[in-house]
Amino acid sequence: MPRAAAGNLTVAPVQAGAQRLGARSGRSWRLAGAIAALVCAVPFAVNATDAETITQQGNGKGAAPCMACHGADGGGTEASGYPRLAGLDAAYLQRQLDDFANGTRTNAVMQPNASALSEDERAALAKYYSALPLPARFAKPAATPDAAGERLATRGDWSRGVPGCVQCHGPGGVGVGANFPPLAGQSAAYIEAQLKAWQQGTRRNDPLQLMQHVARQLTPQEIQAVAGWFAGQPLPRKEGAP
Ligand code: HEC
Ligand code: HEC
């Protein structure tokens with residue numbers, strides 16, 4: 001059915017209802033429902049468009065176009081250490097943007113961008129990226145047969161109280177819910193930078209300081225090995241948010 005006709009179908013009952021308004025309470029309830037549905041639909045549509053526009057053009061108030069660094073498909077830029085955002089959990093993404101804005105996560109590049117966004121824009125962008133499908137290249141990783149990295153990732157080192165990363169980040173590092181972000185396929189440079197940021201205290205926004213504790217036990221060689229191993233892990237291809 002053409003879109004104009006579908007539109008008429010929605011409008012006609014509203015007008016008919018309006019004429020009888022007051023005469024029958026049942027119909028006026030239905031009318032109120034129809035109007036509420038229309039009113040609710042409008043701001044949602046505007047938000048969705050805004051988020052996409054900001055990713056392409058910035059918000060005109062100091063936030064740069066996200067795609068310049070995080071890629072048009074949200075897949076990030078491996079070599080520069082710009083992380084993938086596509087398909088990550090919306091609540092996780094929103095908290096990271098809020099934390100850049102309030103300073104519990106320090107980064108010279110992201111802080112000015114996040115601070116220039118309104119709370120609504122941060123929420124809309126988190127939802128937008130979370131709903132983007134996983135770019136195809138993440139399903140076909142480069143093999144990195146690094147035994148030291150794999151051991152730390154899957155088994156940890158209990159003699160130092162370091163649990164295997166997959167205990168929290170899921171099998172193969174695919175991520176678990178809103179609290180444990182995926183590591184599989186994420187840029188190795190980015191993973192390394194985050195572990196160092198926790199060691200140095202420039203990232204200190206993790207719940208219960210779980211990552212602060214883990215990162216402080218690791219040597220530079222271990223950080224490099226485990227980052228390389230996760231960067232090479234495949235991600236199951238799934239549509240939208242987990
Ligand atoms: C000039 C490059 C650049 C631009 C533009 C940029 N980012 Fe970033 N973004 C980064 C870098 C670098 C990091 C990693 C920061 C760190 O190491 O803590 C990052 C990290 C993030 C993270 C954290 C991801 C995670 O897994 O924790 C989110 C969310 C994010 N950016 C969202 C955005 C949004 C939304 C925009 C657009 C308004 C944007 N970025 C624009 C470079 C950029
Ligand atoms: C006890 C649970 C736990 C273990 C074990 C753990 N992590 Fe984490 N990790 C977390 C939590 C929670 C976060 C999210 C922090 C936040 O919300 O800011 C996180 C976040 C991260 C991030 C940031 C991802 C992003 O998108 O910004 C990296 C990188 C990371 N962990 C690497 C590791 C590595 C490597 C290991 C193993 C050496 C490991 N983690 C073990 C709980 C854990």
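Tutor: Start inside. Remember that this is a predicted model. The largest nonpolar core holds 24 residues. Among them, Ala153, Ile191, Leu195, Val226, Ala227 and Phe230 touch the most other members.

Student: Which helices each supply at least two residues of this core?

Tutor: Look at α7 (147-154), α9, α10 and α11. The largest share, 7 residues, comes from α11.

Student: Which residues does a second, separate core include?

Tutor: That core has 17 residues, including Leu85, Phe100, Tyr128 and Tyr129.

Student: Now the overall fold. How many helices and strands are in the protein chain?

Tutor: Count the elements, then read them in order. Here there are 11 helices and 0 strands. The pattern along the sequence is α-α-α-α-α-α-α-α-α-α-α.

Student: What percentage of the residues count as buried?

Tutor: The protein chain has 242 residues, and 29% of them count as buried. Look at contacts too. Take those with a separation of 6 or more: residues 24 or more positions apart account for 64% of them.

Student: Which residues in α9 are buried?

Tutor: Ala188, Tyr190, Ile191, Gln194, Leu195 and Trp198. The buried residues of α9 pack against α10 and α11 (220-231). Take Leu195 as a case. Setting aside residues up to four places away in sequence, Leu195 touches Ala215, Leu218 and Ile223.

Student: What happens just after α9?

Tutor: Gly201 sits there, with a positive phi of about 80°.

Student: Now a loop residue. Is Pro182 buried or exposed?

Tutor: Count the neighbours. Pro182 counts as buried because it has 24 C-beta neighbours inside 10 Å, and the cut-off is 20 or more. Yet Pro182 lies in a loop, between α8 and α9.

Student: Which residues is Pro182 in contact with?

Tutor: Leave aside the neighbours within four places in sequence. Then Pro182 is in contact with Leu88, Gly173, Val174, Gly175 and Leu235. Pro182 and His169 are 13 residues apart in sequence, but 6.3 Å apart in space, C-alpha to C-alpha.

Student: Last, the ligands. Which residues come nearest to ligand 1?

Tutor: First list the shell, then sort it. Ligand 1 has 22 residues around it; Ala64, Cys66, Cys69, Asn107 and Leu125 come nearest. The elements that give two or more residues are α3 (67-70), α4 (90-102), α5 (110-115) and α9.

Student: How do the residues of that shell divide?

Tutor: Into 18 nonpolar, 4 polar and no charged. Domain 1 (3-131) and domain 2 (141-231) each give at least three residues to the shell around ligand 1.

Student: And which residues come nearest to ligand 2?

Tutor: Cys165, Cys168, Pro181, Gln194 and Asp206, out of 20 residues around ligand 2. At least two residues of this shell come from each of α8 (166-169), α9 (188-200) and α10 (210-216). The shell around ligand 2 divides into 14 nonpolar, 5 polar and 1 charged.

Student: Where should I look again?

Tutor: Go back to Gln194. In α9 it is buried, and Gln194 is also among the residues that come nearest to ligand 2.

Conventions:
Residues are numbered from 1 along each chain as its sequence is written. Chains are lettered from A and ligands numbered from 1 in the order in which they are written. This is a predicted model: local features need pLDDT of at least 70, side-chain atom pairs count only at pLDDT 80 or more; totals for chains, interfaces and linings use all residues. A residue is near a molecule or strand if its C-beta atom, placed from the backbone, lies within 6 Å of it. Helices (H or I, at least four residues) and strands (E, at least two) are DSSP runs, numbered from the N terminus. Ala, Val, Leu, Ile, Met, Phe, Trp, Tyr, Cys and Pro count as nonpolar, Asp, Glu, Lys and Arg as charged, and the others, Gly among them, as polar. Domain bounds come from an automatic or database domain assignment. A residue is buried if 20 or more other C-beta atoms lie within 10 Å of its own, exposed if 12 or fewer, and partly exposed in between; C-beta atoms are placed from the backbone. Two residues are in contact if their C-beta atoms, placed from the backbone, lie within 7 Å. A nonpolar core is a set of buried Ala, Val, Leu, Ile, Met, Phe, Trp, Tyr and Cys residues joined through C-beta atoms within 7 Å.
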